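This briefing is intended for a reader who has the sequence and the coordinates at hand. Please consult the display below before turning to the notes.

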Amino acid sequence: MDPHLALQLIIQGILLGGIYGLIALGLSLIFGVMGVINFAHGQMMVMAMYVSYWLFILLSLDPYLSLVGAAAAVFVLGYLIQATVVNRILDYPEAMQVLPLVAMGLILENMALLFWGPDHRSPQTALSLQTLWVGPVMIDVSRLIAFVLAIAITILIFIFLKKTNIGKCIRAAADNRTGAILVGIDVDRIYNTSFALGAATTGAAGVLLLPLMPLSPHMGHDFTLTAFIVVILGGMGNLIGALVGGLILGLAESVATLFLPATLKQVVSFSLLVVIMLFRPQGLFGGKK
Amino acid sequence: MTRRHVFFAAVLLVLLALPLFLDKYALGIFVMIFFYAYVGQSWNVLTGYTGHISLGHALYIGIGAYATTFLAQTFGITPWIGMLVGGIAAVLIALFLGFLGFRFGIRGVYFVIMTIAFAEITRLIVSHVEALGSFSGIFVDFNPSFWNFQFRGNLPYYYISLGFMLASLVAVHLIEISKLGRFMVAIREDEEAAQALGVDTFRCNMFAIAISAFMTSLAGAFYANYIYYLHPNSLFGMALSIELILRPIVGGLGTLFGPVIGSFILTPLSEISRAYFSKGGLEGLHLILYGILAILVVLFMPKGIIVYVKRALHPILGTTNAE
């Protein structure tokens, strides 16, 4: 085995893993606060990617500049989804919670298809083909930037949850819904904000992915599944676990391409998922169930 | 003979005589109505009655379709036998999935994700097997004869798919009134309580998933010899898994006639709007409407449209005892 190639794949995997972590952070936040699994997660991410793509084509705004705008658009989308649908199903049995969100994913996916057509699109941004050589290892500049920004956004989310008033309300509502209501927190609105924040996080991750892979309406559910795997690796609702799980999954998928065709790398991640669910359902970093 | 029997006999007669008045296109729509009612019923056995949600049921359709076609094209084995082989393969995979899920206590959302994972793993593996056509799929040879399960025109398919649907109704009715069926509903309502009362929940869950997988895989054999083209993404993909659960949900989950009612409402809607919208360049719009409909049903009629149908038919049927 070529050690340079292996090193290359390890670095690429870790860089991609940071973005996986950010996607999963949103999912984990939504689960942690409301106990709902967002089956439309990847599809929301794709929406942000199309917004960013649009801004790039229409105003030639670089994706890194439109990141905030695209994330804000998905923030609003997430807020509306929570306010109109998810708040009504929180007390449903788990079975009935799954279906509306699956349907929501179906709606978003086909809205993307309707508005932007089935073609694969790869915007040629200023940095998309630039590379950097560190010794024998080649690094895509856009991948490196994506990783750094993903980590930065993750840290920002942590600070937001720890330091701001809204962040504290979110943690209070996650911890004890009744208690939060008793001390006067408008829990419905906090839920809306939490879902919106989770959506915006995945939206930002999507924009970071935009220079790295072709965009198509049907790519969303792959990322929903990726986010599930990461979150189960790290433990449902565990935010640091999401980040570490992302790094592990990125690494596993990348290194798997040494032994398997790239199109089979997801078999590795799904198998990892099943094994983790069987033996450590609380996640690698969770405490006792 | 009660009024119910007369009513069902009349409906059956209408369905049997209907092809006399239908053209090829309308026949095709009815084939899809019966097909999706059958598949929805098969899924309903697991999810509707025991409450374990599967979002990977396309897996069993794919296995049925691929097994039947592979055996027919490679060894010349008739689909009538091939579909049983596919059914057994589906049951084995379902039992493996069920064993992991029910033995290790993987429940709720985790179970859903595991069913998706199994379907996706199978899709990716089939996409890489040369003998199964890998990414490009398999075109099924067309040699019409009863032996080959292939026919000219839609008429034979109409009666076969109708037969499938009726057989599934009888089968699920028999399950419903059996001890197993009662246990399954008990599991759905409260698994721990059922266990505490002495129900062997593991065994019942395994039976439910096996029956459901077997029934679903037969639909795959039908699909292969009706559509004549197998593609791993469309047969094992999540889109089909989602498509096939919408009808029983809209119709009424965990009821005998829910999947049938759902299919009679959604399938014509989907076939007609698909044709209508894609002509205007609006492909995907029918799935958006579907999604909205599914959400509205879950929010405002969580028991399904069957409640309203029952109310409307009350003067004819009288009170129903199979609640």
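The notes that follow cover the interface between the chains, a surface patch and selected residues.

The model is predicted. Chain B and chain A bury about 3,700 Å² between them, and carbon and sulfur atoms give 85% of that area. On the surface of chain B, five residues, including B:Leu16, form a nonpolar patch.

**Interface of chain B and chain A**

- The size of an interface is often given as the accessible area lost when the parts come together.
- For chain B and chain A, the buried area is about 3,700 Å².
- The contact draws on 42 residues from chain B and 42 residues from chain A.
- Between chain B and chain A, three residue pairs are in polar contact, both residues being at pLDDT 80 or more.
- The number of salt bridges found by the rule across this interface is zero.
- On the side of chain B that touches chain A, the elements giving two or more residues are α5 (108-126), α11 (238-251) and α13 (285-300) of chain B.
- Of these, α5(B) provides the largest share of that side, with 14 residues.

**Nonpolar surface patch on chain B**

- The patch consists of B:Leu12, B:Leu13, B:Leu16, B:Leu155 and B:Tyr159, which together have about 430 Å² of accessible area.
- Helices α1 (3-17) and α6 (155-177) of chain B each contribute at least two residues to the patch.
- The largest share, three residues, belongs to α1(B).
- B:Leu16 is situated in helix α1 of chain B.
- B:Leu16 has a relative accessible area of 38% and is therefore partly exposed, since that class lies between the limits of 20% and 50%.

**A buried residue of chain A: A:Ile81**

- A:Ile81 belongs to helix α3 (residues 63-89) of chain A.
- Its relative accessibility is 5%, so A:Ile81 counts as buried.
- Beyond its neighbours within four places in sequence, A:Ile81 contacts A:Met44, A:Val86, A:Met104 and A:Phe195.
- A:Ile81 and A:Phe39 are 42 residues apart along the chain, and their C-alpha atoms are separated by 12 Å.

**A buried residue of chain B: B:Ser241**

- B:Ser241 is located in helix α11 of chain B, one of the elements that give two or more residues to the side touching chain A.
- B:Ser241 counts as buried because its relative accessibility is 1%, where buried means under 20%.
- Apart from its neighbours within four places in sequence, B:Ser241 is in contact with B:Leu55, B:Gly56, B:His57 and B:Ala58.

Note on methods. Residues are numbered from 1 along each chain as its sequence is written. Chains are lettered from A and ligands numbered from 1 in the order in which they are written. This is a predicted model: local features need pLDDT of at least 70, side-chain atom pairs count only at pLDDT 80 or more; totals for chains, interfaces and linings use all residues. Side-chain values use heavy atoms; hydrogens and water are left out. Patches are made of residues with over 30% relative accessible area and no salt bridge: like charges are joined within 9 Å, nonpolar side chains (Val, Leu, Ile, Met, Phe, Trp, Tyr) within 5 Å. Accessible areas come from the Shrake-Rupley method with a 1.4 Å probe; for residues, only the protein chains shown count as cover. A salt bridge is a side-chain nitrogen of Lys or Arg within 4 Å of a carboxyl oxygen of Asp or Glu. Helices (H or I, at least four residues) and strands (E, at least two) are DSSP runs, numbered from the N terminus. Buried means under 20% relative accessible area, exposed over 50%, partly exposed in between (1.4 Å probe, protein chains only). Contact means heavy atoms within 4.5 Å. Buried area is the accessible area (1.4 Å probe) that two parts lose on being put together, summed over both. A polar contact is a pair of N or O atoms within 3.5 Å; within protein, one must be able to donate a hydrogen and the other to accept it, and residues adjacent in sequence count only if both atoms are side-chain atoms.
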